[in-house]
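Student: I would like a close look at a single part of this protein. Please then show me how other parts are built.

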Amino acid sequence: MFAHTPALVSVDLNSAIVRTPLTIAPETALAEALTLMSQSYACCPTSDQFSSTNLAYTVQAQASCVVVVEAEQVIGILTERDMLRLSLQQQSLAELTVRQAMTCPVITLKESALRDIFSVILMIHQYHIRHLPILDEHERLSGLITHQTLQQLTHPIDLLRLRPVKEVMVEQVVCAHSDVSLQDIAQQMVTHRISSIVITTTNRTASPQAIIPRSELGDLANVDGGGTSHNATPATEPLQFPVGILTERDLVQFQALGLHLQDYRSGELMSTPVFAVQPQQSLWTVQQMMQRHLISRVLVTGERGELLGIITQSSILQGLNPMELYKLAEGLEHKVERLEAEKLTLLKNRTVELEQQVKTRTLDLHMKVKREQLLNTLALKMHSSLDLQEILATTVDQVRQLLGCDRVSIWQLQDDGQSCVVAESTDSPISLLGEQINDTCFKQEMAEIYRQGHVRVVQDIYTTEMSDCHRELLIHLQIRAKVLLPLCCEEQLWGLLNATESETARAWQTEEIELLKALSVQLGIALQQATTHQQLQASNQRYASLATAAPVGIFRTDTMGNCLYVNERWCTIAGLSVDAAIGSGWSATLHPADRASISQAWCQAAQEHRPFQSEYRFQRPDGVVTWVYGQGIVEQDAHGQTIGFLGTITDITQRKAAEEELSQMSQQLEILNQQLERQVAERTQALSHAVDELQAEVKRREVLEAELREKNQTLAALSQTDGLTQIANRRRFDQELAQEWRLAQREQISLALILFDVDYFKQYNDYYGHQQGDDCLIQLAQASQRTVHRPTDLAARYGGEEFVILLPKTDRAGAISVATTLQANIAALAIPHARSSVSEWVTVSIGIAVFIPSFTSIPAETPKQRPETFLYQADQALYAAKQQGRNCYVVQDYEISIEGVIN
């Protein structure tokens with residue numbers, strides 16, 4: 001069902017076998033076994049037959065367990081977990097034997113049965129073991145396979161690049177705080193059957209240096225994409241931020257040193273900083289990190305540094321489980337099919353995108369046209385109505401609908417300086433309609449400013465500069481943001497149009513403000529039109545009162561329209577005598593242009609037995625034309641039968657003249673409206689040019705910002721480079737020394753330091769001059785730079801004629817080799833030195849310090865555990881080299897024992 005990957009099947013499993021595991025007899029004291037495991041971890045072999053990585057895996061295997069052998073047969077195994085369990089049982093390790101504590105029977109595998117890495121991984125997962133003894137054909141111990149040794153075989157497996165951390169990480173991580181005792185930590189490890197506990201804090205800023213972030217992983221930080229965080233912590237619990245870690249091996253080491261676990265807190269002896277990755281990174285990244293730093297577990301953290309899970313060597317091996325790889329292959333096959341489908345629809349998608357862009361642009365144009373149409377519709381509604389209150393109500397409703405704001409109101413200014421809300425549109429249950437507003441900050445000069453067209457725009461009353469009294473008034477009126485525009489009628493300030501937001505601030509757009517300006521102009525025209533209409537209505541009212549006081553023209557006809565009766569007022573209006581009007585004579589005084597239409601309308605009303613109403617003209621015998629408003633109602637007898645009509649006529653000649661004047665005024669207003677529209681268009685074009693200029697300025701500033709960032713990066717590089725020699729300066733050296741010191745202390749690896757200076761350099765300067773002296777220092781710096789080859793090695797100018805070389809993961813022999821290479825490189829320069837007492841060429845004196853920081857002095861915190869002391873030892877070695885005659889090197893070991901090595 002699942003085909004093994006050829007790269008995995010062809011892996012040589014013999015390289016995963018540790019050939020020199022620790023063995024012990026079953027009757028050996030348990031304390032001796034603990035000492036043996038502790039010594040294995042503390043030693044650092046220098047054999048040439050293994051690489052540094054193989055050596056590390058061998059040391060880890062020897063330190064993590066011992067194989068119990070009796071009569072050349074494997075009968076049991078003793079691990080760190082067994083040691084930890086016994087220590088919690090308060091049993092004396094000196095009184096117990098290995099036979100009493102070992103795990104038996106033990107799972108083993110013959111070397112001849114090693115077929116491929118998958119069978120071994122399945123076996124380890126099946127029995128939940130971390131150590132697998134390998135037997136030869138005679139059932140004797142041949143070696144040991146561990147998680148670490150299997151992990152190194154996965155180095156060339158590209159499938160690890162396809163598995164993200166989140167798929168195999170353990171989300172349920174056992175955590176503890178830094179104030180918990182080591183005794184409690186050990187108890188949790190035994191209870192949960194785990195090999196490590198993460199020390200955490202809920203304070204995010206408690207330890208900013210506790211995690212090595214993803215940015216420090218260099219090219220190992222292979223992010224597959226996406227930024228989703230997988231948080232295993234429930235939403236109701238506080239986030240945990242890792243600050244350190246404690247392992248079984250740490251506790252066994254502390255026990256071997258004779259420390260009482262109940263006397264120490266976890267924060268005092270935890271390993272820090274911890275290495276962390278993010279859940280979307282690949283298992284390949286974790287694999288490279290573990291091999292590079294020789295660690296067995298890596299934490300998984302989120303974007304804020306919170307703990308999400310942990311991934312161990314068992315997790316990586318789980319990623320190579322055949323069933324898991326089969327699922328991965330199926331997923332990749334589906335992904336290929338999906339990509340093929342996406343490839344086929346690529347052109348279609350592009351076409352859809354272009355069509356969408358066209359639709360978007362078309363929609364923008366439609367919205368612009370719709371806004372213009374809405375403006376024209378609103379203007380038409382205002383102009384078509386002569387009722388002032390209807391005009392105001394229509395305006396506030398349409399404006400609020402257009403802007404989508406909380407409230408739109410119109411304030412009418414009164415003679416006493418106050419304002420009254422005469423129209424309002426809002427969804428708020430609190431209405432301001434009819435409220436008198438007394439704004440003490442609104443002075444006479446402000447009224448003049450608004451009359452001249454000033455527009456007040458406030459995005460937020462709490463950030464806009466204004467008087468305290470005005471701000472309090474706006475809060476009372478439930479106004480948080482507003483646009484206030486003047487409403488003028490006959491060049492006088494009639495009132496204010498106010499669009500507001502009640503709860504939130506609002507950045508009013510330019511097109512919104514321009515639209516409100518146009519509406520205020522239209523509303524001003526409508527106000528003037530309504531005011532004129534009100535004046536006409538007042539005039540008509542006066543005429544009606546006069547008609548009431550003086551009798552109106554009254555007439556009475558039969559069903560055929562023949563006049564039966566008229567009064568004197570009718571005769572006066574029509575210009576006929578009573579006798580002339582009786583019968584059909586009344587129609588003779590109708591204006592020739594209205595005679596036919598009025599006669600037809602009267603006859604039709606009579607036939608339909610409905611009231612008659614019409615405006616028409618009388619032409620008197622003297623030629624005077626009089627407009628009248630005639631109306632008649634049906635007259636019925638006692639039986640409800642129509643017997644004729646009873647009506648009146650009213651002289652409306654003056655009103656008709658006023659309407660004619662109003663019509664002419666409307667035409668003038670239309671011309672004025674067209675002029676205002678042209679001015680708005682010109683203003684819009686000017687604003688468009690201003691926007692183009694602003695965009696050009698923004699691009700120029702972006703170019704300047706890019707140049708500034710480039711200069712800042714150059715300055716940062718110069719701050720860590722020596723100005724004369726162009727190699728690392730003292731500041732860069734101090735940073736690297738502190739970092740490598742912490743790594744060496746945690747990983748228990750050797751750290752070497754070479755400090756050298758030029759022999760008789762003062763005499764050289766005095767004889768050759770300072771310019772020649774600077775050239776000499778430059779050549780020496782280049783020689784020291786050529787001496788180091790590893791990326792982690794660092795050559796730096798320490799000060800004056802002193803130079804320093806930092807060599808991480810380097811023992812005594814390696815440091816001496818680098819020192820001799822340095823002497824050879826300097827000698828090859830053949831720089832003449834006529835004032836030297838040891839050579840005719842420029843030479844240097846070299847001091848070497850080699851040190852492995854350990855945990856033996858952790859509680860005491862002796863000065864020997866500080867980098868400053870380590871640097872002091874190298875300086876002492878340099879001083880000893882000068883005392884021995886210069887042109888040589890001296891090695892200073894940990895106990896400050898000086899050994900001279902003559903050139």
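Which strands form an open sheet of 3 strands, in what order do they lie, and what is the pairing?

Tutor: The model is predicted: local features need pLDDT of at least 70, side-chain atom pairs count only at pLDDT 80 or more, and totals for chains, interfaces and linings use all residues. Residues are numbered from 1 along each chain as its sequence is written, and side-chain values use heavy atoms, with hydrogens and water left out.

Now your sheet. The order is E7-E8-E10, and the pairing is mixed. Strand E7 (175-176) and strand E10 (241-247) are the edges, each pairing on one side only. Helices and strands here are DSSP runs, numbered from the N terminus (helices: H or I, at least four residues; strands: E, at least two). Two strands pair if DSSP finds at least two bridges between them. Strands of a sheet pair through backbone hydrogen bonds, either parallel or antiparallel.

Look at E8 next. Strand E8 (residues 196-201) pairs with E10 in the antiparallel sense, over 6 bridges. Find Val198 there: Ile245 in E10 stands opposite. Helix H9 (residues 182-192) lies across E7, E8 and E10. H9 runs at about 125° to E8. Axes are lines fitted to C-alpha atoms, for helices over the stretch in contact, and angles run from 0 to 180 degrees between N-to-C directions. Contact means heavy atoms within 4.5 Å.

E10 ends at residue 247, and helix H10 takes up residues 248-256. Follow H10 to its partner, helix H4 (residues 80-88). The two helices pack at an angle of about 55°, and their axes are 9 Å apart. H4 and H10 are therefore oblique to each other. The cut-offs: under 35 degrees is roughly parallel, over 145 roughly antiparallel, 65 to 115 roughly perpendicular, and the rest oblique. H4 passes H10 in a left-handed crossing, where the near helix is turned anticlockwise from the far one by less than a right angle; clockwise would be right-handed.

Who makes the contact? From H4 come Glu80, Arg81, Met83, Leu84 and Ser87. From H10 come Glu248, Arg249, Leu251, Val252 and Gln255. By class, that is 4 nonpolar, 2 polar and 4 charged residues. Nonpolar covers Ala, Val, Leu, Ile, Met, Phe, Trp, Tyr, Cys and Pro; charged covers Asp, Glu, Lys and Arg; the others, Gly among them, are polar.

H4 is mostly covered: 8 of its 9 residues are buried. Buried means under 20% relative accessible area, exposed over 50%, partly exposed in between (1.4 Å probe, protein chains only). The buried residues are Glu80, Arg81, Asp82, Met83, Leu84, Leu86, Ser87 and Leu88.

Compare two other strand groups. Strand E6 (residues 141-146) has 5 of its 6 residues buried. E6 runs antiparallel to strand E5 (residues 131-135), joined by 5 bridges. His131 stands opposite Thr146 in E6. The hairpin of E5 and E6 has 5 residues between the strands, and Glu139 takes a positive phi near 65° there.

Strand E25 (residues 751-758) is covered along its length: 8 of its 8 residues are buried. Leu751, Leu753, Leu755 and Asp757 point one way. Ala752, Ile754, Phe756 and Val758 point the other way. E25 has antiparallel partners. Strand E27 (residues 802-808) pairs with E25 over 7 bridges, with Phe803 opposite Phe756. Strand E28 (residues 844-851) pairs with E25 over 8 bridges, and Ala849 is the bridge partner of Leu753.

Two arginines are worth a stop. Arg471 sits in helix H18 (residues 468-476). Arg471 is buried, at 18% relative accessible area. Beyond residues up to four places away in sequence, Arg471 touches Ile461, Tyr462, Thr464 and Met466. Arg610 lies in the loop between helix H22 (592-608) and strand E22 (612-619). At 33% relative accessibility, Arg610 counts as partly exposed. Leaving aside neighbours within four places, Arg610 is in contact with Gln604, Ala605, Val634 and Phe645. Arg610 and Phe645 are 35 residues apart along the chain, yet their C-alpha atoms are separated by 9.7 Å.

Last, step back. The protein has 28 helices and 30 strands. Of its 903 residues, 44% are buried. Among contacts with a separation of 6 or more, 67% join residues 24 or more positions apart.
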